[in-house]
Amino acid sequence: VATSLFDYAADQLERNTSLDRLAARGTLRIAMKNAGLDIQTLTTVQLRAVFEKLMPKELESRGISNAPVTCEAVMAAIARGAASAESARSTSSDEILKRLGES
Amino acid sequence: LEENAYLTAVVAGCFYMVAGVRLLRLGLRTRERPELMLSAYFAATGIFYLGINAPSIFRFDALPPQIETAIIWLYLIGVFPYLFFIRRVFRPRAAWASGMVAVCGIFLALGGAHLIVESPLVETLDNPWFIIMWLGYALPAMWMGWEAMLAHRSANKRARIGLCDPAVSNRYLLLGWFGCFQTLAVLVGLYWAYDKDVHQVTSSFADALLGGTEIAGVSTLWLAFFPPTWYRNWIANRAVITPTPMDG
(Lines give C-alpha, C1' and ligand atoms only; values in the text may rest on other atoms or scores of the structure.)
Protein backbone atom coordinates (compact mmCIF):
# COMPACT_ATOMS: atom_id res chain seq x y z
CA VAL A 1 0.00 0.00 0.00
CA ALA A 2 1.06 3.63 -0.46
CA THR A 3 1.75 4.25 3.24
CA SER A 4 4.45 1.55 3.20
CA LEU A 5 6.24 3.49 0.47
CA PHE A 6 6.54 6.40 2.87
CA ASP A 7 7.66 4.00 5.63
CA TYR A 8 10.19 2.41 3.33
CA ALA A 9 11.60 5.79 2.29
CA ALA A 10 11.79 6.96 5.91
CA ASP A 11 13.61 3.73 6.85
CA GLN A 12 16.13 4.29 4.06
CA LEU A 13 16.62 7.89 5.13
CA GLU A 14 17.28 6.78 8.70
CA ARG A 15 19.74 4.11 7.49
CA ASN A 16 21.71 6.54 5.28
CA THR A 17 21.91 9.47 7.70
CA SER A 18 22.59 10.13 11.36
CA LEU A 19 18.90 10.98 11.90
CA ASP A 20 16.96 8.80 14.30
CA ARG A 21 13.66 7.21 13.30
CA LEU A 22 11.49 10.05 14.56
CA ALA A 23 13.65 12.75 12.93
CA ALA A 24 13.84 10.87 9.62
CA ARG A 25 10.07 10.44 9.44
CA GLY A 26 9.48 14.04 10.51
CA THR A 27 11.92 15.43 7.95
CA LEU A 28 10.36 13.39 5.16
CA ARG A 29 6.89 14.40 6.28
CA ILE A 30 7.84 18.11 6.17
CA ALA A 31 9.31 17.71 2.67
CA MET A 32 6.14 15.93 1.54
CA LYS A 33 4.02 18.77 2.89
CA ASN A 34 6.21 21.36 1.16
CA ALA A 35 5.77 19.38 -2.06
CA GLY A 36 1.97 19.35 -1.71
CA LEU A 37 1.91 15.54 -1.64
CA ASP A 38 -0.39 13.14 0.14
CA ILE A 39 1.28 10.23 1.95
CA GLN A 40 -1.69 7.99 1.17
CA THR A 41 -1.23 8.32 -2.59
CA LEU A 42 2.54 8.62 -2.75
CA THR A 43 4.26 7.20 -5.83
CA THR A 44 7.96 6.50 -6.48
CA VAL A 45 8.01 9.22 -9.15
CA GLN A 46 6.79 11.76 -6.59
CA LEU A 47 9.22 10.46 -4.00
CA ARG A 48 12.09 10.79 -6.47
CA ALA A 49 11.16 14.43 -7.14
CA VAL A 50 11.07 15.15 -3.40
CA PHE A 51 14.51 13.60 -2.87
CA GLU A 52 15.92 15.41 -5.89
CA LYS A 53 14.52 18.87 -5.32
CA LEU A 54 13.53 19.38 -1.70
CA MET A 55 15.26 16.89 0.55
CA PRO A 56 18.87 18.09 0.03
CA LYS A 57 17.94 21.46 1.51
CA GLU A 58 15.99 19.85 4.35
CA LEU A 59 18.92 17.59 5.24
CA GLU A 60 21.45 20.41 5.05
CA SER A 61 19.35 22.46 7.45
CA ARG A 62 19.58 19.52 9.87
CA GLY A 63 23.38 19.40 9.70
CA ILE A 64 23.68 16.43 7.34
CA SER A 65 26.83 16.88 5.26
CA ASN A 66 26.92 15.97 1.58
CA ALA A 67 23.14 15.93 1.44
CA PRO A 68 22.80 15.52 -2.38
CA VAL A 69 24.93 12.37 -2.32
CA THR A 70 22.94 11.02 0.62
CA CYS A 71 19.74 11.68 -1.30
CA GLU A 72 21.11 9.81 -4.31
CA ALA A 73 21.92 6.84 -2.09
CA VAL A 74 18.43 6.85 -0.60
CA MET A 75 16.85 7.11 -4.05
CA ALA A 76 18.92 4.19 -5.30
CA ALA A 77 17.76 2.10 -2.34
CA ILE A 78 14.16 3.11 -2.99
CA ALA A 79 14.48 2.22 -6.67
CA ARG A 80 15.76 -1.24 -5.71
CA GLY A 81 13.21 -2.09 -3.08
CA ALA A 82 10.11 0.03 -3.36
CA ALA A 83 8.54 -1.22 -6.59
CA SER A 84 6.16 -3.45 -4.67
CA ALA A 85 5.13 -0.55 -2.44
CA GLU A 86 4.01 1.63 -5.36
CA SER A 87 0.57 3.14 -5.07
CA ALA A 88 -2.00 1.16 -7.03
CA ARG A 89 -4.11 4.25 -7.70
CA SER A 90 -3.91 5.07 -11.39
CA THR A 91 -6.48 7.84 -11.75
CA SER A 92 -5.49 10.86 -9.69
CA SER A 93 -7.31 14.16 -9.36
CA ASP A 94 -4.62 15.76 -11.50
CA GLU A 95 -5.38 13.36 -14.34
CA ILE A 96 -9.10 14.16 -14.13
CA LEU A 97 -8.44 17.91 -14.21
CA LYS A 98 -6.04 17.45 -17.12
CA ARG A 99 -8.70 15.60 -19.12
CA LEU A 100 -11.30 18.29 -18.42
CA GLY A 101 -9.19 20.84 -20.28
CA GLU A 102 -8.76 18.64 -23.35
CA SER A 103 -10.68 19.67 -26.41
CA LEU B 1 -35.07 40.74 -11.66
CA GLU B 2 -34.09 43.59 -13.96
CA GLU B 3 -33.56 42.92 -17.65
CA ASN B 4 -29.74 43.01 -17.41
CA ALA B 5 -29.86 40.30 -14.75
CA TYR B 6 -32.15 38.20 -16.95
CA LEU B 7 -29.75 38.68 -19.85
CA THR B 8 -26.68 37.58 -17.87
CA ALA B 9 -28.63 34.54 -16.66
CA VAL B 10 -29.50 33.60 -20.25
CA VAL B 11 -25.88 34.10 -21.37
CA ALA B 12 -24.73 31.96 -18.45
CA GLY B 13 -27.37 29.35 -19.32
CA CYS B 14 -26.13 29.14 -22.92
CA PHE B 15 -22.56 28.75 -21.73
CA TYR B 16 -23.51 25.99 -19.27
CA MET B 17 -25.24 24.13 -22.11
CA VAL B 18 -22.19 24.42 -24.38
CA ALA B 19 -19.84 23.31 -21.57
CA GLY B 20 -22.20 20.44 -20.71
CA VAL B 21 -22.27 19.18 -24.31
CA ARG B 22 -18.50 19.47 -24.60
CA LEU B 23 -17.95 17.48 -21.39
CA LEU B 24 -20.54 14.92 -22.48
CA ARG B 25 -18.62 14.37 -25.72
CA LEU B 26 -15.40 14.07 -23.72
CA GLY B 27 -17.04 11.63 -21.30
CA LEU B 28 -18.39 9.47 -24.11
CA ARG B 29 -14.91 9.35 -25.60
CA THR B 30 -12.99 8.63 -22.38
CA ARG B 31 -15.78 6.60 -20.71
CA GLU B 32 -14.79 8.19 -17.39
CA ARG B 33 -17.39 9.23 -14.85
CA PRO B 34 -16.09 12.62 -13.58
CA GLU B 35 -16.60 14.36 -16.92
CA LEU B 36 -20.04 12.77 -17.31
CA MET B 37 -21.02 13.89 -13.80
CA LEU B 38 -19.96 17.46 -14.48
CA SER B 39 -21.64 17.47 -17.89
CA ALA B 40 -24.96 16.39 -16.30
CA TYR B 41 -24.70 19.21 -13.76
CA PHE B 42 -23.88 21.85 -16.38
CA ALA B 43 -26.66 20.66 -18.68
CA ALA B 44 -29.22 20.75 -15.86
CA THR B 45 -28.00 24.21 -14.79
CA GLY B 46 -28.17 25.47 -18.36
CA ILE B 47 -31.74 24.22 -18.82
CA PHE B 48 -32.69 25.81 -15.49
CA TYR B 49 -31.18 29.21 -16.32
CA LEU B 50 -32.66 29.27 -19.83
CA GLY B 51 -36.03 27.84 -18.85
CA ILE B 52 -36.64 30.17 -15.93
CA ASN B 53 -35.25 33.39 -17.45
CA ALA B 54 -35.83 33.14 -21.22
CA PRO B 55 -39.57 34.05 -21.09
CA SER B 56 -38.71 37.39 -19.46
CA ILE B 57 -35.86 38.33 -21.79
CA PHE B 58 -37.54 37.14 -24.99
CA ARG B 59 -40.93 38.50 -23.90
CA PHE B 60 -43.11 35.46 -24.27
CA ASP B 61 -45.66 34.17 -21.81
CA ALA B 62 -44.40 32.77 -18.53
CA LEU B 63 -44.08 29.01 -18.47
CA PRO B 64 -46.91 27.05 -16.86
CA PRO B 65 -46.20 26.43 -13.14
CA GLN B 66 -45.93 22.67 -13.73
CA ILE B 67 -43.18 23.19 -16.33
CA GLU B 68 -41.35 25.60 -14.02
CA THR B 69 -41.52 23.06 -11.20
CA ALA B 70 -40.22 20.34 -13.52
CA ILE B 71 -37.28 22.59 -14.51
CA ILE B 72 -36.46 23.24 -10.84
CA TRP B 73 -36.63 19.50 -10.16
CA LEU B 74 -34.27 18.88 -13.04
CA TYR B 75 -31.85 21.41 -11.57
CA LEU B 76 -32.07 19.86 -8.10
CA ILE B 77 -31.45 16.39 -9.58
CA GLY B 78 -28.51 17.85 -11.51
CA VAL B 79 -26.81 18.92 -8.26
CA PHE B 80 -26.36 15.24 -7.28
CA PRO B 81 -23.76 14.44 -9.97
CA TYR B 82 -22.02 17.71 -9.01
CA LEU B 83 -21.74 16.44 -5.44
CA PHE B 84 -20.42 13.09 -6.68
CA PHE B 85 -17.90 14.94 -8.85
CA ILE B 86 -16.59 16.95 -5.89
CA ARG B 87 -16.29 13.83 -3.75
CA ARG B 88 -14.63 11.82 -6.54
CA VAL B 89 -12.07 14.49 -7.41
CA PHE B 90 -11.20 15.96 -4.02
CA ARG B 91 -12.09 13.41 -1.32
CA PRO B 92 -12.31 9.97 -2.94
CA ARG B 93 -11.39 8.08 0.25
CA ALA B 94 -12.91 10.29 2.97
CA ALA B 95 -15.94 8.85 4.74
CA TRP B 96 -17.07 12.30 5.83
CA ALA B 97 -17.32 13.34 2.16
CA SER B 98 -19.95 10.64 1.59
CA GLY B 99 -21.76 12.03 4.64
CA MET B 100 -21.60 15.52 3.11
CA VAL B 101 -23.10 14.18 -0.13
CA ALA B 102 -25.86 12.49 1.89
CA VAL B 103 -26.67 15.63 3.91
CA CYS B 104 -26.86 17.82 0.78
CA GLY B 105 -28.90 15.09 -0.93
CA ILE B 106 -31.41 15.09 1.93
CA PHE B 107 -31.81 18.89 1.72
CA LEU B 108 -32.30 18.68 -2.06
CA ALA B 109 -34.77 15.79 -1.81
CA LEU B 110 -36.81 17.50 0.93
CA GLY B 111 -36.85 20.80 -0.97
CA GLY B 112 -37.84 19.06 -4.20
CA ALA B 113 -40.54 17.00 -2.52
CA HIS B 114 -42.03 20.10 -0.91
CA LEU B 115 -42.51 21.65 -4.37
CA ILE B 116 -45.39 19.18 -4.81
CA VAL B 117 -47.40 21.05 -2.19
CA GLU B 118 -45.95 24.55 -2.59
CA SER B 119 -45.02 25.71 -6.07
CA PRO B 120 -43.76 28.30 -6.73
CA LEU B 121 -41.86 28.29 -3.47
CA VAL B 122 -42.24 31.44 -1.37
CA GLU B 123 -38.66 32.70 -1.17
CA THR B 124 -38.63 34.40 2.22
CA LEU B 125 -36.40 33.82 5.23
CA ASP B 126 -39.32 32.74 7.40
CA ASN B 127 -40.12 29.86 5.04
CA PRO B 128 -38.08 26.88 6.35
CA TRP B 129 -38.58 25.00 3.05
CA PHE B 130 -36.84 27.79 1.18
CA ILE B 131 -33.90 27.59 3.62
CA ILE B 132 -33.76 23.77 3.25
CA MET B 133 -33.66 23.98 -0.54
CA TRP B 134 -31.19 26.87 -0.37
CA LEU B 135 -28.83 24.75 1.76
CA GLY B 136 -29.17 21.94 -0.79
CA TYR B 137 -27.55 24.01 -3.54
CA ALA B 138 -25.52 26.44 -1.40
CA LEU B 139 -23.47 23.78 0.43
CA PRO B 140 -22.15 22.13 -2.78
CA ALA B 141 -21.11 25.55 -4.11
CA MET B 142 -19.21 26.34 -0.90
CA TRP B 143 -17.71 22.84 -0.83
CA MET B 144 -16.44 23.16 -4.41
CA GLY B 145 -14.87 26.56 -3.68
CA TRP B 146 -13.15 25.33 -0.52
CA GLU B 147 -11.86 22.02 -1.90
CA ALA B 148 -10.66 23.40 -5.23
CA MET B 149 -8.75 26.22 -3.49
CA LEU B 150 -7.12 23.72 -1.11
CA ALA B 151 -6.26 21.44 -4.04
CA HIS B 152 -4.77 24.39 -5.92
CA ARG B 153 -2.49 25.13 -2.97
CA SER B 154 -1.08 21.58 -3.06
CA ALA B 155 -0.99 21.44 -6.86
CA ASN B 156 0.98 24.69 -6.95
CA LYS B 157 3.63 23.14 -4.70
CA ARG B 158 3.74 20.01 -6.86
CA ALA B 159 4.04 22.15 -9.99
CA ARG B 160 7.16 23.81 -8.56
CA ILE B 161 8.98 20.46 -8.46
CA GLY B 162 7.63 19.27 -11.79
CA LEU B 163 4.99 16.89 -10.42
CA CYS B 164 1.95 18.75 -11.69
CA ASP B 165 1.22 20.45 -15.00
CA PRO B 166 0.92 24.23 -14.32
CA ALA B 167 -2.24 24.21 -16.47
CA VAL B 168 -3.79 21.63 -14.13
CA SER B 169 -2.79 23.63 -11.07
CA ASN B 170 -4.42 26.68 -12.65
CA ARG B 171 -7.55 24.64 -13.44
CA TYR B 172 -7.94 23.87 -9.72
CA LEU B 173 -7.73 27.60 -9.05
CA LEU B 174 -10.35 28.39 -11.70
CA LEU B 175 -12.72 25.76 -10.28
CA GLY B 176 -12.10 27.28 -6.86
CA TRP B 177 -13.04 30.72 -8.14
CA PHE B 178 -16.09 29.21 -9.83
CA GLY B 179 -17.18 27.75 -6.49
CA CYS B 180 -16.61 31.12 -4.80
CA PHE B 181 -18.67 32.98 -7.41
CA GLN B 182 -21.42 30.36 -7.10
CA THR B 183 -21.33 30.85 -3.33
CA LEU B 184 -21.64 34.60 -3.76
CA ALA B 185 -24.59 34.06 -6.13
CA VAL B 186 -26.47 31.86 -3.65
CA LEU B 187 -25.77 34.38 -0.88
CA VAL B 188 -27.38 37.00 -3.10
CA GLY B 189 -30.38 34.66 -3.22
CA LEU B 190 -30.54 34.85 0.55
CA TYR B 191 -30.24 38.65 0.42
CA TRP B 192 -33.20 38.70 -1.98
CA ALA B 193 -35.26 36.71 0.46
CA TYR B 194 -34.32 39.23 3.17
CA ASP B 195 -35.32 42.12 0.86
CA LYS B 196 -38.67 40.48 0.16
CA ASP B 197 -39.24 39.94 3.87
CA VAL B 198 -38.32 43.43 5.00
CA HIS B 199 -38.91 45.76 2.03
CA GLN B 200 -41.40 43.70 0.00
CA VAL B 201 -39.22 44.32 -3.08
CA THR B 202 -35.83 43.10 -4.38
CA SER B 203 -33.07 45.68 -4.84
CA SER B 204 -31.27 46.54 -8.07
CA PHE B 205 -28.00 46.12 -6.14
CA ALA B 206 -28.79 42.43 -5.67
CA ASP B 207 -29.66 42.11 -9.36
CA ALA B 208 -26.37 43.72 -10.40
CA LEU B 209 -24.42 41.55 -7.97
CA LEU B 210 -26.08 38.39 -9.27
CA GLY B 211 -25.38 39.37 -12.88
CA GLY B 212 -21.75 40.08 -12.01
CA THR B 213 -21.23 36.75 -10.23
CA GLU B 214 -22.83 34.85 -13.11
CA ILE B 215 -20.58 36.47 -15.71
CA ALA B 216 -17.52 36.03 -13.49
CA GLY B 217 -18.39 32.36 -12.87
CA VAL B 218 -18.91 31.65 -16.55
CA SER B 219 -15.63 33.43 -17.39
CA THR B 220 -13.66 31.19 -15.03
CA LEU B 221 -15.31 28.11 -16.58
CA TRP B 222 -14.45 29.39 -20.06
CA LEU B 223 -10.77 29.67 -19.05
CA ALA B 224 -10.90 26.24 -17.39
CA PHE B 225 -12.63 24.30 -20.19
CA PHE B 226 -11.95 26.39 -23.31
CA PRO B 227 -8.56 27.96 -22.56
CA PRO B 228 -7.43 30.18 -25.46
CA THR B 229 -3.84 29.85 -26.69
CA TRP B 230 -2.72 33.15 -25.16
CA TYR B 231 -3.97 31.98 -21.75
CA ARG B 232 -2.26 28.58 -22.04
CA ASN B 233 1.00 30.33 -23.00
CA TRP B 234 0.69 32.80 -20.13
CA ILE B 235 0.23 29.97 -17.60
CA ALA B 236 3.14 28.00 -19.07
CA ASN B 237 5.47 31.02 -19.12
CA ARG B 238 4.86 32.08 -15.53
CA ALA B 239 5.39 28.56 -14.14
CA VAL B 240 8.44 28.31 -11.86
CA ILE B 241 10.12 24.93 -11.55
CA THR B 242 12.69 24.39 -8.79
CA PRO B 243 16.08 23.34 -10.20
CA THR B 244 17.58 20.11 -8.92
CA PRO B 245 20.45 20.82 -6.45
CA MET B 246 22.35 17.84 -7.86
CA ASP B 247 22.35 19.43 -11.32
CA GLY B 248 24.28 22.39 -10.02
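This is a predicted model: local features need pLDDT of at least 70, side-chain atom pairs count only at pLDDT 80 or more; totals for chains, interfaces and linings use all residues.
**View 1. Where chain B meets chain A.** Chain B brings 34 residues to the contact and chain A brings 33. Putting the two together buries about 2700 Å², with carbon and sulfur atoms giving 58% of that area. As for polar links, there are 12 residue pairs in polar contact across the interface, counting pairs with both residues at pLDDT 80 or more. On the chain B side, α1 (3-30), α2 (33-57), α3 (65-90), α5 (128-160), α6 (166-199) and α7 (204-225) each supply at least two residues. Which helix gives the largest share of that side? That would be α1(B), with 5 residues. Sorted by class, the chain B side has 19 nonpolar, 4 polar and 11 charged residues.

**View 2. Lys98(A) reaches Asp165(B) across the interface.** Zooming in on one salt bridge, the closest N and O atoms of Lys98(A) and Asp165(B) sit 3.0 Å apart. Asp165(B) lies in the loop between α5 and α6 of chain B, while Lys98(A) belongs to helix α6 (residues 93-100) of chain A.

**View 3. Arg99(A) pairs with Glu35(B).** Here the side chains of Arg99(A) and Glu35(B) form a salt bridge, at 2.7 Å from N to O. This pair also crosses between chains, with Arg99(A) in helix α6 of chain A and Glu35(B) in helix α2 of chain B. Both Arg99(A) and Glu35(B) are buried, so each has under 20% relative accessible area. Between chain B and chain A the salt bridges number 4.

**View 4. A salt bridge inside chain A.** Away from the chain-to-chain pairs, Asp11(A) and Arg21(A) make a salt bridge whose closest N and O atoms are 3.4 Å apart. The partners are 10 residues apart and link distant parts of the chain: Asp11(A) is in helix α1 (residues 2-16) of chain A and Arg21(A) is in helix α2 (residues 21-34) of chain A. With 30% relative accessibility, Asp11(A) counts as partly exposed. Arg21(A) has 47% relative accessibility, so that residue counts as partly exposed as well. Over all chains, the salt bridge count comes to 9.

Terms used. Residues are numbered from 1 along each chain as its sequence is written. Chains are lettered from A and ligands numbered from 1 in the order in which they are written. Side-chain values use heavy atoms; hydrogens and water are left out. Contact means heavy atoms within 4.5 Å. Buried area is the accessible area (1.4 Å probe) that two parts lose on being put together, summed over both. A polar contact is a pair of N or O atoms within 3.5 Å; within protein, one must be able to donate a hydrogen and the other to accept it, and residues adjacent in sequence count only if both atoms are side-chain atoms. Helices (H or I, at least four residues) and strands (E, at least two) are DSSP runs, numbered from the N terminus. Ala, Val, Leu, Ile, Met, Phe, Trp, Tyr, Cys and Pro count as nonpolar, Asp, Glu, Lys and Arg as charged, and the others, Gly among them, as polar. Buried means under 20% relative accessible area, exposed over 50%, partly exposed in between (1.4 Å probe, protein chains only).
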